[in-house]
Amino acid sequence: MSVLVYTENWDGKFKKLSFELVSYASEVAKMINTSVTALSIGKIEDSELIKLGRYGAGKIISVENELLKILDSQAYSSVISEIAKKENSSVIIISNNNTGKAVAPRLSVKLRAGVGSGVSRLPLNTNPFTVYKKTYSGNAFAHVVIKSEIKILTLAQNSFELIETVDNSTIEKMTVNVDSSLARTKVQNVLKQTDKILLTDADIVVSGGRGMKSPDNWAPLTELANVLGGATACSRPVSDEGWRPHEEHTGQTGKIIAPNLYIAVGISGATQHLAGISGSKYIVAINNDKEAPIFEAAQYGIVGDAMKILPKLINAVKELKK
Amino acid sequence: MKILVCISNVPDTTTKIKFNESNTSVDTTGIQWVINPWDELSLTRALELKDDPSSGIKSVTVAHVGTASSEPTIRKALAIGADDAIRINSESSDAYYTSAQLAEVIKKEHFDIILCGIESSDYNGSLVGGMISEFLGIPSVSAVSGIKIENGQAVLVREIDGGKEVTSVPAPFVAIVQKGIAKEPRIAAMRGIMMARTKPLKVIEPVEVDSLTEITVFEKPAPRSACKFIDPENPGQLIDLLQNEAKII
Ligand SMILES: Cc1cc2nc3c(=O)[nH]c(=O)nc-3n(C[C@H](O)[C@H](O)[C@H](O)COP(=O)(O)OP(=O)(O)OC[C@H]3O[C@@H](n4cnc5c(N)ncnc54)[C@H](O)[C@@H]3O)c2cc1C
């Protein structure tokens, strides 16, 4: 038996997300008295792979193959399922990010394994195997029993703490055969963004809504994000109006994020907006209407005009960083 | 070419979710049911493609796994412009069961492009599209924010961390779509509503499949602690609290 965790890498580097996954996997492994095998796909140095050991991966399998250079959900899920069979894995853990969402459902059908998707806590029980997951876009949570022999869990980003342990890991390079008829995704063109902090990776997010009044008013909001080392986001009407790029739209129909700190400026707090941010550890609301529903979701609030408050906050952060 | 759009029937997104007494199911009294927002956008994009004769799209079908009670939602999809509909007559017990039913239908009636939304707003599973493709052994592309047809070949834009990729896969394939796929959902016009009544809606009985997961209990989200208000004349106090009380900056 084992717990298998798929740890994606980005140009040969892991992210905090990868270590979060391994930490989660090793806690699950303890619950069912087994060990963790981490799987990495793609070109990566040993010095990077070994980092997974610190969070409890006993065995680290590294797989490289020309046909796996492009994410093809069919090819990736066949490789992961092959390794899961070799490792006799009873639980498979994947991120609930774009890649995880592409791969986990295919893997589920291949292995006839039920999926607990977007879990944000350790399993509630191992017999019957019960997980805790968000439903109704955050308006309810469900206890989900996974009845199949093999279980797949996709972990919501930024929902689990990193836990370091003693490192006893070994690295194993494995060659896999990939059937070229399974890798049929062709990429004609890649459009990369600049190297600014990705919204989904950011620990701090400063977000603006229609209360910002005009795209010309965004400078202080962006500056607050910069001095805090965070990313910027916005509500849907703001991206619909073209005030801000679509990548920044958060909410049910945009990005779902879970930073440590989410500062909502001039955002009313509609349920569809909250659906994208309710996983944040702390929510701060700045709004001139003290009845705005955002204050019900926030731990800290300031009632007032954003244009007057933002410059003062920027100064306070600058003071602090001195 | 034929497009299939898989649609789910969900409570309107502003619904206050309540449970039955034992918290084992959602109390559906008074709920306004709508087409899942992503599926509505998929349908909109499918119809936009069909509107352009050069795309070669001949028909747009919608399929839904659900009981007769969800027919108003299916009729709405027909009113928006789908040509015909298929309803698999069963409660959808989990994503695996639902996908197996849809795959069975697709095996019988040939479709070139199958569109699914990235998630349903009720179960938030992000599973059905990928599962259908695996049941059928066909390619799937996830996180799709754009689709067009060029010289009879579908070109898909997918979102990746920090950017986009322009991709293609051979048909038949499943595209799992999200933000960007269409701007605004298409609204049914009076004529569409009239026509929807007579458009074909085929009802198919389900095949035997065991579900793999089961929801046993629902819970309300834990209430957040009450909001602490900070004097607007002294917002610096917020920074102090974030540093010394919340300890996050
Ligand atoms: C199916 C569906 C999906 C949706 N998905 C999303 C989604 O993903 N994300 C999303 O955000 N929305 C979504 N919406 C829209 C959502 O319902 C709200 O309309 C939207 O979130 C409101 O955006 P807002 O808070 O920026 O604007 P408003 O609701 O207009 O709020 C503006 C706020 O700014 C405050 N304000 C005004 N002036 C100032 C000032 N000078 N200083 C401080 N505060 C000020 C006001 O008091 C008000 O509270 C969706 C809607 C539907 C129907």
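Chain A folds into nine helices and 16 strands. The model is predicted.

Along the principal axes, the C-alpha atoms of chain A take up a box of roughly 60 × 45 × 40 Å. For chain B the corresponding box is roughly 65 × 45 × 40 Å.

The table sets out further values for each chain.

| Property | Chain | Value |
|---|---|---|
| Buried residues | A | 59% of 322 residues |
| Buried residues | B | 54% of 249 residues |
| Accessible surface | A | about 12,900 Å², 49% from carbon and sulfur atoms |
| Accessible surface | B | about 10,800 Å², 52% from carbon and sulfur atoms |

In chain A, take the contacts with a separation of 6 or more: 65% of them join residues 24 or more positions apart. In chain B, the share is 71%.

Charges come next. Chain A carries 37 positive and 32 negative charges, and their mean positions are 3 Å apart. Chain B carries 25 positive and 33 negative charges, with mean positions 7 Å apart.

**Helix α5 of chain A**

Helix α5 of chain A spans residues 219–228. Which of its residues are buried? They are A:P220, A:L221, A:L224, A:A225 and A:L228. Seen down the helix axis, these buried residues fall within an arc of 145°, so they line one face of α5(A). The face turned away from that buried side carries A:A219 and A:N226, which are exposed.

What covers the buried residues of α5(A)? The cover includes three strands of chain A: β12 (204–208), β13 (231–234) and β14 (261–265). It also includes the helix α9 (306–321) of chain A. After α5(A) comes A:G229, and the phi of this glycine is positive, near 75°.

**Cis peptide bonds**

In chain A, the peptide bond from A:N127 to A:P128 is cis, with omega near -5°. Where does A:P128 lie? It is in the loop between β6 (125–126) and β7 (129–135) of chain A.

Chain B has a cis peptide bond as well. It joins B:A171 and B:P172, and omega is about -5°. B:P172 sits in the loop between β9 (163–168) and β10 (173–177) of chain B.

A:Y136 is a residue other than glycine, yet its phi is positive, near 45°. It belongs to the loop between β7 and β8 (140–146) of chain A. Is A:Y136 buried or exposed? A:Y136 is buried, at a relative accessible area of 14%.

B:S126 also has a positive phi, near 55°, and is likewise not a glycine. Its loop runs between β6 (113–117) and α4 (128–136) of chain B. B:S126 is buried, and its relative accessible area is 10%.

Key: Residues numbered from 1 in each chain as written. Chains lettered and ligands numbered in written order. Predicted model: local features only at pLDDT ≥ 70, side-chain atom pairs only at ≥ 80, totals over all residues. Heavy atoms only, no water. Helix = DSSP H or I, 4+ residues; strand = E, 2+ residues; numbered from the N terminus. Buried < 20%, exposed > 50% of the residue type's maximum accessible area, 1.4 Å probe, protein only. Contact = heavy atoms within 4.5 Å. Areas by Shrake-Rupley, 256 points an atom, 1.4 Å probe, with all protein chains shown as cover. Lys, Arg positive; Asp, Glu negative; His and termini not counted. Charge placed at Lys NZ, Arg CZ, Asp CG, Glu CD. Arc of directions from axis to C-beta.
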